[in-house]
Every structure is written in structure tokens, then in C-alpha cells.
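Please look over the sequence and the model below. A short report follows, topic by topic.

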Amino acid sequence: QKSEADLRAVYDELRNRGARLLVDGGRALLEVELVRVYVLAEISGEDRCLIEHDKFSLEDGKQRTVILPLAVKLRVGESWRQAMKRALRTKVDLDEDWQRTHLQVDEDSYYVFEEAECWSDRSGVQVVPRVHEVHARVRFSSVSKEPVYRSKTSSSSSHHQGPLRRIGLPTGRDFVTREINEDGRTTLHVWCWKSREYERNGRLRAFSRYLSARGFDVAQLGQRGNKTLFEFYSEVKEKMTCSLIETPPVDGVGLLRVVDVLKIRLIARIRGRRRVLNEMEQLREDVRKKSAGQLPALKMKEAEDWREVTRQLLEVQLGISPEIQEKCFAIDEDAILYDEEQRPSERYPGLLSLCKVRTVAMRVVDPSHPELSRLGLPRGNGFVTRSWRTGSGAGGAGLSKLHVWEWLPAEEGTTFTTFGGTALEGVNRNLEEAERLVAATGRHPGISSAGLAGPLGQALHKMRRCSEQLCNIDRTLEEVDLQAILGRSRAGRGASGHIAVSTVADFIQANFTQSRPNEPVVQLQGHRALRFSRFVTGEPDNEGESGPAGKMVREGERCWGLDCFQLGVLASGRVLETYGSVVLVPLARAALRCRKDDVSAFLEGVASLYYNNPYHNATHAVQATHLASWLAWHLGLSDFQPGVECSAFVVAALCHDVKHFGRSNLFCTTTEHTLALLYNDYKVLENMHAATCFELLSSSDILSALSKEQRSAFRINIIDYILATDLAEHFECISKFRVRLEASDFSMEYEPDRRFVARMCVKAGDIGHAALPWALHQEWSARVTEEFYAQGDEERSLGLPVSAFCDRGTLSDLAESQKGFLTFVCQPLYEALSALEEVGVEGRVSLAHRRARRSKKVEEAKTVESQCLAEIAANVEQWGNQRGADNLKTRLWRRQSST
């Protein structure tokens, strides 16, 4: 039935192109081998495939729409590789030299299959294709991704850049090539770079048949927001970020999708509170928003090392290089969580997914590092990152998503390990959580359409204002709105009436509120150079300072563990006078403009009023002063304290326990001691210490050169510092400090904030033996225990209940009580100060850290965490060591027996 020309065409196909003639019943079938090449290139951050869209024949002007990748028929004796190179050369105009340099063939992608669809050739014979498929990727590493434009006078483009532009790269534009066939006919090919959804390769079809055979409805893919078939195939076969397991059918589907997910719980201490990084929102290229509310996460390939994926996740999603990760992050091996959950797949209808989630806890060890500013640290600001579509690499310029990140409070109970906080902090946390919820609600797309955006915005503003007021609770409680109280009376009055009301307002403010209209504030101007460290390192000018004891004080200035017992031996018992001559005398002479003899006489008077108690004695006063001064220096406080303020700090520390007689406030109030009656049971001993300090100051001429305002400020500071040592308000003080530290306006340059930090330093110095090396801590523990037991003995003799820690009969519980004191009383205080060190001053790297980086001395490089908290932890461990506790018990038994 065929003409001679048609038969010759079939003959040529069989002879020249390796086709085979098959007979199916009464039909003649022509089996042809095709090589189909999927040329891939990364364009705008996305993998795209080279697709032939149309063909034009210049002889007859006919056009045919193709929508297929590059394809060519295999010739007789030709391998698929040779056919691929020929197709690239003849149809796309890419010579073999360019192919070798810039085309990477994926041998693993090679796949052969019998295509189910047949077509008729020019002679009308049915053609059955046998297809060889392979992927080949354009490599940009040797070629610039930016097109090269040259002027007419410049030399021609390079051999490699020309073909790139001719095939529409790097921008992915359409292009046309011309092919001259063997019979002399000319064909134009129209090419375009399409999404890989257009591949429809043999493996994809086989994957589709596999899914259908196991009950999965492939027709739902790509519909109503579901993943497409290609996306599913790519996830399983190419990216390998999930796998499929054959299972007994559930609702007709016998497959289970298994996904391994790595999540990072990145924790940073911000303003004294632990916060966790969360992705709050995603903004896609099509301007659609997606609420995330999740930790940084990444799908893992099967058998992939989670540590390597962790590094990759931080680098890709947050832009933190592996070098910075090594310096600033630390993985908590004990806090890694593993969980499995089976649930319906979100975008694969009818398919169950088994999610295996590994959550890695990672701590930010240096939030002040400059490279971490991109994460909003150290202040904890929100920030935005951008990510490219999967497969993007160098040169991927297309923005795929914007990610909005925020540092959210950690779960309840993780803020501090030893101290959960007072009700004040509970209110602050609840208000913070409510603020976050209102902000999240305001971002919901339905809020604006419902007309609620305005009211929610006002509510959020008021909540933030309440947070600010709560962060400065003392000042908030002191504020009285006299304008509101007197507003009605001012209306309708004349000038004389206005003056009268103004006088009443001044009278009310002065007598019925805690605030003062003209409260003196020490000014910083002209005093910044008067720092504590300047005087301790000065040259000695008397025999006491130049002797062995004075030298020990000077050399131990930056040493946390200064042995004040040894200092007392070298000073022949004059430990306070010697220490004061090195520290206070030069400071007071410069800042207070007083005579050296006046300061020395004051020190003699203070030392004489420290009684010979086992613990509360002159040596304790020196130890507490030294530790408080060390903290002030390492936290940067002393760099902001003017001379008068710094002098008050040292004087208050030296006098904070003057005239202490070895009994507690509770003892005084219970026994109705004279001091308790005098001070109305309120901070009995602390009020006595402060009053005694001012009696000694009044009897000297130390403050005679100061103005009235400066003397008043000096007095306010000393009272503030000494009264702060009352342990009855210990946890309240820590809570207020931690809440204040979270305020955006916290600053060492603000005098009330600076005074608050100084109070905390004096408090920490007062109980600082907990953070001293074990030998010193053990000695101080023995002394305070002896003093407590003496009080207990007196309470028992008076028929009173014996106070906690004061009963000799509980000596066997000494180790546990000491561990509890260190863990639950001392550690939270030093953690709060360590948080200040991490935040730094005005959000910059803290002064202590800057000094530590410059310093060559190990002692100066120490921080509150590495020095104080580390010593507390070591001492807690020692108390848990039976031998360490037994040594102290034996010593106390011997002293008890001797008395």
C-alpha cells in the first residue's frame, strides 16, 4: 500500500539509523532508539530545563509545537554519548570543546525505557520509541554568570561567553538555533528555559505508575495547593529528603512517607533571660505570607550526619559561617531530643507521613560577637533573612523567601536554673507573652478587614508602655501625677489662685510622696577621670602602703581570690587600715578633696568598731570590699562612676557591717533588742551600720570640701548600698534587677541604673565567699557557722526557737545546707550580674570583655561566669564530696569541744 518513495524512506531509516522493523499481526512497526538530553541550568536560583518549544521548516514554512527536551535519533554504531554530543552540536550549536568545559553529564541519571506512546513517521509507519535519557548540567564555575557587553571597538567576546549568550544564559531568555539536515533542508528550533515540571521523563512516569499501583491518587498532585508529581519525585529520588516505605494499606494507600527533620533550638541569654530563636513568618515571592512559628529546621537525607546538617542550616538559613559557629555556639549534648510523630501529609492527600525530629539545643556563648549582630544580638532584636529556592548556589540571584525571626522567651522554668523569680517577674513574663500574642494576632490577614487593626495596635502600645513602667518598678511606684490630683482646682482660678495651688503642689510633693523636687544627682562632668583603678595602681606614699601588706593589696587588685587572712597576718592585724590606706586614701583625697590624715583617722575609727566576731569582723569587711570592687571593675561600673560616687561605694562596702555583734535581724526583733525598737524592726542591723558610718564621717572632716548637694548625694548612695545588704529582700532585689535589665533604656550612664548595679555588687561582695576558691570558702564557712551556732546557743538559753542553720545538733546536715545556700541564694545573684556582663553597656561589647581581649593577664581576662559562677559550681561539688564536708565537721567538733 506504500509508494516507492515511502518504502525507500523506511529502508533508509532501517539502514542508517539503526531502526528495526517489527510485525505486529498485520501491522508493520518501526522501533527507533532516541537519546533525550535534559540540559539543566540554574537560573535565578532555580533549576530549569532546556525545552524545544517549536520547530519551523524554511522549505515549506510549516510550524510544529514540540514542548520536549533536546532529542535525537541514535544512528547505526553510535553510542548514546556520541548521539548526545551530536545533538548539542547540531541543534543547540554547542561545540564539543564547550561541552567538555562547561557541561557536566550525570551518569547516574542515565535511564532506558520503552515509551508507551507511539507516532507515525513521514511514511505513515507507526514508530515505537526506545528512549535513552540523561541529565547534563551547565556549570557556571568557569564562566561568569553576568553577560559580557563589549563596545564595538573592543575585541570579540571569548569563545566560551558567546555560546552562553546564544543559549539564553545566564538570564534564561528564549533563543533560536538553525539546523541544516543531511538532506539539505533547514529547520529553525525555538528553545526556552522552563521549570523542570516540563521534564515528564521516563523515571517520572515510572514513579507515577509505582504510586498508582500502591493506591495513591496521582491525579490529586498539583491540584489545590498540593505538591506536583515532579516535586514529589524530586524529593524522593533527587534531593532524597524523604523516603517511601511499603506498608499494609491504610485507607487504600500502601505507602508511608518518612521524613527526617533537624531542628535547632538556639538559646541566647538576653537581658538576663534565656530566649529562643523562632521563625515567625515567611514572605514569598508572590507576596503571600505564611505564619511559621517554628525553630530553624531542615530536612535531612538518609544516613546524613546531623552535625554537618547543623552547620549547613546555620550557614544557609542564618548566614553564620562555620568559623563563627565554632567560636560563638556550643551544642548541649545532654539536651538533644528525638521524637517521632505519624500524621497526614499536608500536601500529599491520602498519604501518611512519619516525621522523625531531632532537636539540637545550641547555646550562644558569645552574644556580643560583632558577627552575631545580624541575628539581632546582643540586644535580642528581631531580624529578617532571605533564602533562595532549593538548588541555588553561587550566582543564584532570585529572591525566593523572606524569613522573619524573633527571640522569644524560653519555656517556663528555663529562665534560670536555680531561681524561678518572684511574682514581679511572673507578671513581667505574662505581660511579655500577652504582648507577643497580641502582636501575632495583629498580623492575621482577617484582623485588618474586620476593622480591628487600630484597637489591637492601641492595646499593643499600652502593653509596651506597661512593660516599660514595670521594668523600672521603684520609680513607677514613686511617681504621683499631681497634675491629675490638682487639675480640677486649677480650673477657673486667677493668677493668685494659680500661685496658691502651685504652693500646695510643692507641699504635697515634699511631704506626701517619695519623690523629691530637687533630688541631688552626682554629675558626671569633670569627674570621669576619678576612677578606682587609677588610685590602687598609684605609687605608695607612706610606710604602710609600701610594706608587704600594701604590696599584696596592690598586686592583688585584679585577683578575685585575694587571701584577706594572709593580708591580716602581713598587716599585723590592721587589715582594714592597711587595705583602706591603699584603696580609699588616694581616692578620697582626689574625689572628696580631703586631707590624708582625715581619711586615716576615719579608717582607724571604722576598724575599732569591728568586733572580734568569728565572721562579721574587719577581715570580712575588707574581703567584701575587695570582691565588690572587682565586680565593679569587671562589669564596667567603675568606668561610669564619678569620683564622689566611687568614694561612697568603697566607704559603704568597708562600713557595711560596722558594729555587728554576731546576731541576725530576726534575733533582734524576736528578743526586742534596743536596736529593733529604735528602727521599728525594719532592717535593724543595716540601719545601725549606716548610722554608725555617718557618725564616723561626721566626726571627721572627710566631707567638708563637698557642696551641700554632693554631701546629700554621698549620703543617699551610702544608705542605698548598706541597706541593700539585708538578705530579707534578696530575691526581690534580684527580680527587680533582672526586670530592669530587660528595659530598652537601661544604661550605666543613667544614675539610678548605675546605683542599682552598685547595690548588686555590694550584695555580691557581702556573700562573695561562696565564689572564692575552696580553701578560702571553707574557712569563711567555718567562721560563719561558728557565729550561727553561738546565736543558736543564746536562743536556746532564752527559751526561743533556734533559727535555721544555728542549731549545733544539725552539724551532720552542714554539707547539704551549704550546698543549698550556694545554689539557691548565691548563684542567682551572680547569674544576674553575669547577665549584665553579657548585655554590656548600651548594647555594645561589655567593658570587661573589651579589657579581657586586650589583657595579657589571665586574671584580668576572667568574667563573672568563668570566675565567680565557676567557683560556686566547684564549691557545690566539694560540699557533695564527703571528704571535704567531713574536714569542716571535724574542725567544728574540735572547736566545740574546746569551748
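Arg224 counts as exposed, because its relative accessibility is 85% and the cut-off for exposed is over 50%. The model is a predicted one. Arg224 sits in the loop between H5 and helix H6 (229-238). Its backbone stands out too: Arg224 is not a glycine, yet has a positive phi of about 55°. Most residues other than glycine have a negative phi, and most peptide bonds are trans.

Asn680 is another such case. Its phi is positive, about 55°, and Asn680 is not a glycine either. The loop between helix H24 (674-678) and H25 holds Asn680. At 64% relative accessibility, Asn680 counts as exposed.

## Cis peptide bonds

Where do cis peptide bonds turn up? One runs from Leu169 to Pro170, with omega near 10°. Pro170 belongs to the loop between helix H4 (161-166) and strand E8 (175-180).

Another joins Leu377 and Pro378, where omega is about 10°. Pro378 is placed in the loop between strand E17 (352-364) and strand E18 (383-387).

## The whole protein

The protein has 899 residues, and 50% of them count as buried. It contains 33 helices and 19 strands. Its accessible surface comes to about 43800 Å². Carbon and sulfur atoms account for 50% of that surface.

Contacts reach across the sequence. Among contacts with a separation of 6 or more, 69% link residues 24 or more positions apart.

## A buried loop residue

Is Asn201 buried or exposed? Asn201 is buried, since its relative accessible area is 1% and the cut-off for buried is under 20%. The residue lies in the loop between strand E9 (186-195) and helix H5 (202-213).

Leaving out residues up to four places away in sequence, Asn201 touches Tyr38, Glu133 and His135. Pro69 is 132 residues from Asn201 in sequence. In space, their C-alpha atoms are 9.4 Å apart.

Helix H20 covers residues 596-608. Its 13 residues should span 18 Å at 1.5 Å a residue, and its end C-alpha atoms are 19 Å apart, which agrees.

Which residues of H20 are buried? They are Asp598, Val599, Phe602, Leu603, Gly605, Val606 and Ala607. An α-helix has 3.6 residues a turn, so residues three or four places apart point the same way. The buried residues of H20 pack against helix H19 (575-591), helix H22 (643-655) and helix H25 (684-698).

Thr692 is part of helix H25. With a relative accessible area of 3%, Thr692 is buried.

Beyond its neighbours within four places in sequence, Thr692 is in contact with Leu609, Val658 and Lys659. Thr692 and Leu609 are 83 residues apart along the chain, and their C-alpha atoms are separated by 9.0 Å.

## Helix H26

Helix H26 takes in residues 708-723. Its 16 residues should span 22 Å at 1.5 Å a residue. The end C-alpha atoms are 22 Å apart, which agrees.

Buried residues in H26 are Gln710, Ala713, Phe714, Asn717, Ile718, Asp720, Tyr721, Ile722 and Leu723. Their cover includes H22, H25 and H28.

## Cavities

How many cavities of 30 Å³ or more does the whole structure hold? A search finds four. Rolling a probe the size of a water molecule over the atoms shows where empty space is left. The second largest cavity holds about 40 Å³ of space.

Its lining consists of Tyr615, His620, Gln623, Ala624, Gly765, Asp766, Ile767, Gly768, His769 and Trp780. Helix H21 (618-634) and helix H28 (751-766) are the elements that give two or more residues to this lining. H21 gives the most, with three residues. By type, the lining of the second largest cavity divides into four nonpolar, five polar and one charged.

Technical notes. Residues numbered from 1 in each chain as written. Predicted model: local features only at pLDDT ≥ 70, side-chain atom pairs only at ≥ 80, totals over all residues. Heavy atoms only, no water. Helix = DSSP H or I, 4+ residues; strand = E, 2+ residues; numbered from the N terminus. Expected span 1.5 Å × (residues − 1). Buried < 20%, exposed > 50% of the residue type's maximum accessible area, 1.4 Å probe, protein only. Contact = heavy atoms within 4.5 Å. 1 Å grid on protein atoms, 1.4 Å probe; cavity = no way out; pocket = protein on both sides within 12 Å on 5 of 7 lines; lining within 4 Å. Points joined across faces, edges and corners; volume = space filled by probe spheres on them. Nonpolar A, V, L, I, M, F, W, Y, C, P; charged D, E, K, R; others polar. Areas by Shrake-Rupley, 256 points an atom, 1.4 Å probe, with all protein chains shown as cover.
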